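The entries below follow the order in which I went through them.

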Amino acid sequence: MRDVTFSRVPAGLHSSNRRLWLAVLAVVIAAAAAIPAIIKVEGPSHGGLVHAMQTPARIGSFTQAADMESATHLAGLRNGVIQMSPGQVSNVKSAVYESRNPAAGNTVQIIMFIGGHLASAAPATSITGFTQKFAGATVVSAGSLGGKAACVEEGATTSSQVSMCVWFDNDSFGEIVSPTMNATTLATVMRTVRPDLEIVVKN
């Protein structure tokens with residue numbers, strides 16, 4: 001994959017958020033590395049429900065952060081996913097969301113989402129590929145929408161910690177990445193926000 005060039009930290013951000021902003025840049029790099037593991041397709045189609053991805057302005061307590069999406073060139077990453085698997089991956093959506101928790105001292109929580117439609121998929125095969133690629137990845141519950149899911153935490157002992165959770169179902173994939181949560185917390189968030197990001201459009 002080609003190198004991703006980032007814009008400078010937006011001047012409008014408060015200094016207290018600069019560390020988190022720089023961490024978001026690392027999140028995008030981690031996501032780019034995870035994409036090859038995400039795109040695991042097999043034919044023929046395995047049938048089942050038909051899903052579509054969406055990126056609403058709000059998902060639970062999270063609000064879309066357009067400035068972060070622009071500075072991290074998230075649209076370029078989304079296009080790269082499509083180009084890597086022509087004819088197999090489509091309708092790819094991406095967004096960055098942030099949430100503040102007053103009970104935790106107004107701590108900012110950040111997640112980046114990218115997901116889309118697969119022409120045909122075998123969820124178990126995809127999860128196996130992900131866990132083999134990322135040491136320490138753990139299979140977790142995919143939540144009420146079913147499929148298979150796994151999470152991993154990288155750099156847990158450093159200041160550049162990044163957690164990733166992915167899910168796969170019969171015709172789609174999704175990935176949520178965060179520089180502010182550990183893998184266990186992110187797994188819970190994934191199950192909570194997934195119904196807002198992935199919808200059933202046809203039985």
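Predicted model: local features only at pLDDT ≥ 70, side-chain atom pairs only at ≥ 80, totals over all residues.

**Entry 1: the chain as a whole**

I began with burial and found that, of the 203 residues of the protein chain, 45% count as buried, where buried means under 20% relative accessible area, exposed over 50% and partly exposed in between, with a 1.4 Å probe and protein chains only. Residues are numbered from 1 along each chain as its sequence is written, and side-chain values use heavy atoms, with hydrogens and water left out.

The protein chain has 5 helices and 10 strands; these are DSSP runs numbered from the N terminus, helices being H or I of at least four residues and strands E of at least two. I then looked up contacts, meaning heavy atoms within 4.5 Å, and of those between residues at least 6 apart in sequence, 66% join residues at least 24 apart. The accessible surface comes to about 9300 Å², and 52% of it belongs to carbon and sulfur atoms; accessible areas come from the Shrake-Rupley method with a 1.4 Å probe, and for residues only the protein chains shown count as cover.

**Entry 2: confidence**

I looked up pLDDT, the predictor's confidence in each residue from 0 to 100, and the chain averages 77, with 65% of the residues scoring at least 70.

**Entry 3: the nonpolar cores**

Which residues have the most contacts inside the largest nonpolar core? They are Val96 and Phe130, in a core of 26 residues, a nonpolar core being a set of buried Ala, Val, Leu, Ile, Met, Phe, Trp, Tyr and Cys residues joined through side-chain atoms within 4.5 Å. Helix H3 (74-84), S4, strand S5 (107-118), helix H4 (123-133), S7, S8 and strand S9 (172-178) each supply at least two residues of this core, and the largest share, 5 residues, comes from S5. A second, separate core of 21 residues includes Ala95, Ile111, Phe113 and Leu197. In soluble globular proteins, nonpolar side chains tend to be buried together.

Leaving aside neighbours within four places in sequence, I found valine 96 in contact with residues including Thr63, Met68, Glu69, Leu74, Ile110 and Met112. Glutamate 69 is found in helix H2 (residues 66-71) and counts as buried at 17% relative accessibility. The C-alpha atoms of glutamate 69 and alanine 95, 26 residues apart along the chain, are separated by 6.4 Å.

**Entry 4: the disulfide**

Taking a disulfide as a pair of cysteine sulfur atoms within 2.5 Å, I counted 1. Cysteine 151 and cysteine 165 form it, with their sulfur atoms 2.0 Å apart. Cysteine 151 lies in strand S7 (residues 148-154) and cysteine 165 in strand S8 (residues 162-168), so the pair ties together parts that are 14 residues apart in sequence. The torsion about the S-S bond is about 110°, so the disulfide is right-handed. Cysteine 151 is buried at 4% relative accessibility, and cysteine 165 is buried at 0%.

**Entry 5: polar side chains and one backbone angle**

Histidine 51 is found in strand S1 (residues 50-53) and is buried, with a relative accessible area of 7%. Its side chain makes a polar contact with the side chain of aspartate 171 at 2.8 Å; a polar contact is a pair of N or O atoms within 3.5 Å, and within protein one must be able to donate a hydrogen and the other to accept it, residues adjacent in sequence counting only if both atoms are side-chain atoms.

Serine 178, in strand S9, is buried at 0% relative accessibility. The side chain of serine 178 reaches the backbone oxygen of isoleucine 110 at 2.6 Å and the backbone nitrogen of methionine 181 at 3.3 Å.

Last, I noted that asparagine 91 has a positive phi of about 50° although it is not a glycine. Most residues other than glycine have a negative phi. Asparagine 91 lies in strand S4 (residues 89-101) and is partly exposed, with a relative accessible area of 39%.
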